[in-house]
Amino acid sequence: MKPTQQLLRRTPHSALKEYIMPANAATLRNAAATIALTALSGAANAQDFSTVAPASEASPLAVLQTILSNPSDLDFVKQYTTDDFTYVSLNYENPELKQIMPWAGTTKGTEGLVQTFIDVSRYWTVDDFQIQDSFENENGAALFGTFTYTSNTLGKTVTSPFAVLARGENGKLSYVQFMEDTFATVRSFRESGEYRIKANPDE
């Protein structure tokens with residue numbers, strides 16, 4: 001007879017519980033610790049940057065990266081955009097925001113994208129612009145990252161995440177959409193005054 005079987009035969013039920021439960025508790029604690037460490041490891045990995053290499057020189061990601069290397073040169077950018085190119089900057093249409101950032105909204109033609117980058121350089125000094133993540137499929141690509149701008153009027157510095165969506169094929173883009181934290185970037189132009197915002201429906 002095995003030692004464990006002998007113990008089970010000779011040990012009263014109450015004593016058996018005292019023997020088994022601590023062992024089970026220790027096992028459960030070890031399992032819980034392992035799960036927690038695995039979850040923490042996964043969370044850490046989820047925060048790691050992830051950039052992919054373009055599938056080819058003519059893939060949407062490659063073309064988007066090429067455009068962003070010299071986005072204020074119209075003749076250069078036109079080489080990589082279609083005749084029906086559409087650029088969406090910050091939102092589809094917002095007259096109030098457009099008063100502060102004239103490039104906001106939807107424009108047809110490559111000129112809209114190029115003028116945006118020209119104006120951004122006029123309104124701010126670009127202190128930092130980092131691409132942290134990139135993805136692409138057969139006819140689209142996306143970039144994610146962060147930038148830091150200092151307004152040229154007031155000298156206020158802001159940092160914002162950004163996201164760029166691009167669609168296209170055959171070495172040209174037909175659509176680009178740029179998003180950022182406009183609440184932060186607009187505040188870099190705020191000189192004075194107060195305003196009240198009521199957002200919480202329970203207040």
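Trainee: What is the volume of the largest pocket, and what makes a space a pocket?

Mentor: The largest pocket has a volume of about 290 Å³, a volume being the space filled by probe spheres set on grid points joined across faces, edges and corners. On a 1 Å grid over the protein atoms alone, a pocket is an open set of points with protein on both sides within 12 Å along at least five of seven lines, whereas a cavity is a set where a 1.4 Å probe fits but cannot get out. The model is predicted, and local features need pLDDT of at least 70, side-chain atom pairs count only at pLDDT 80 or more, and totals for chains, interfaces and linings use all residues. Residues are numbered from 1 along each chain as its sequence is written, and side-chain values use heavy atoms, with hydrogens and water left out.

Trainee: Which residues line the largest pocket?

Mentor: Lining residues have an atom within 4 Å of a point, and here they are Asn94, Glu96, Leu97, Ile100, Thr182, Phe183, Val186, Arg187, Arg190 and Tyr195. Helices α5 (95-100) and α7 (182-187) each give two or more of them, and α7 has the largest share, with four residues. Helices (H or I, at least four residues) and strands (E, at least two) are DSSP runs, numbered from the N terminus.

Trainee: How many cavities of 30 Å³ or more does the search find?

Mentor: The search of the whole structure finds two.

Trainee: Which residues lie nearest the centre of the largest cavity?

Mentor: Thr116, Val120, Tyr149, Phe178 and Glu180 do, among 13 lining residues. At least two lining residues come from each of β1 (81-89), α6 (110-123), β3 (124-137) and β6 (172-180), and α6 has the largest share, three residues.

Trainee: What makes the lining of the second largest cavity nonpolar, polar or charged by class?

Mentor: Ala, Val, Leu, Ile, Met, Phe, Trp, Tyr, Cys and Pro count as nonpolar, Asp, Glu, Lys and Arg as charged, and the others, Gly among them, as polar. The lining consists of Leu64, Ile67, Leu68, Tyr87, Leu113, Phe117, Val164, Val176 and Phe178, so by this rule it has nine nonpolar, no polar and no charged residues. The largest cavity has 10 nonpolar, two polar and one charged in its lining.

Trainee: Which residues touch the most other members of the largest nonpolar core?

Mentor: Leu113, Leu173 and Val176 do, in a core of 30 residues. Such a core is a set of buried Ala, Val, Leu, Ile, Met, Phe, Trp, Tyr and Cys residues joined through side-chain atoms within 4.5 Å. Leaving aside neighbours within four places in sequence, Leu113 is in contact (heavy atoms within 4.5 Å) with Ile67, Pro71, Val77, Phe85, Tyr87 and Val176.

Trainee: How do you know that the side chains of Asp127 and Thr150 are joined by a polar contact?

Mentor: The pair lies at 2.5 Å. A polar contact is a pair of N or O atoms within 3.5 Å; within protein, one must be able to donate a hydrogen and the other to accept it, and residues adjacent in sequence count only if both atoms are side-chain atoms. The distance of 2.5 Å is within that limit, so the term applies.

Definitions and conventions. Buried < 20%, exposed > 50% of the residue type's maximum accessible area, 1.4 Å probe, protein only.
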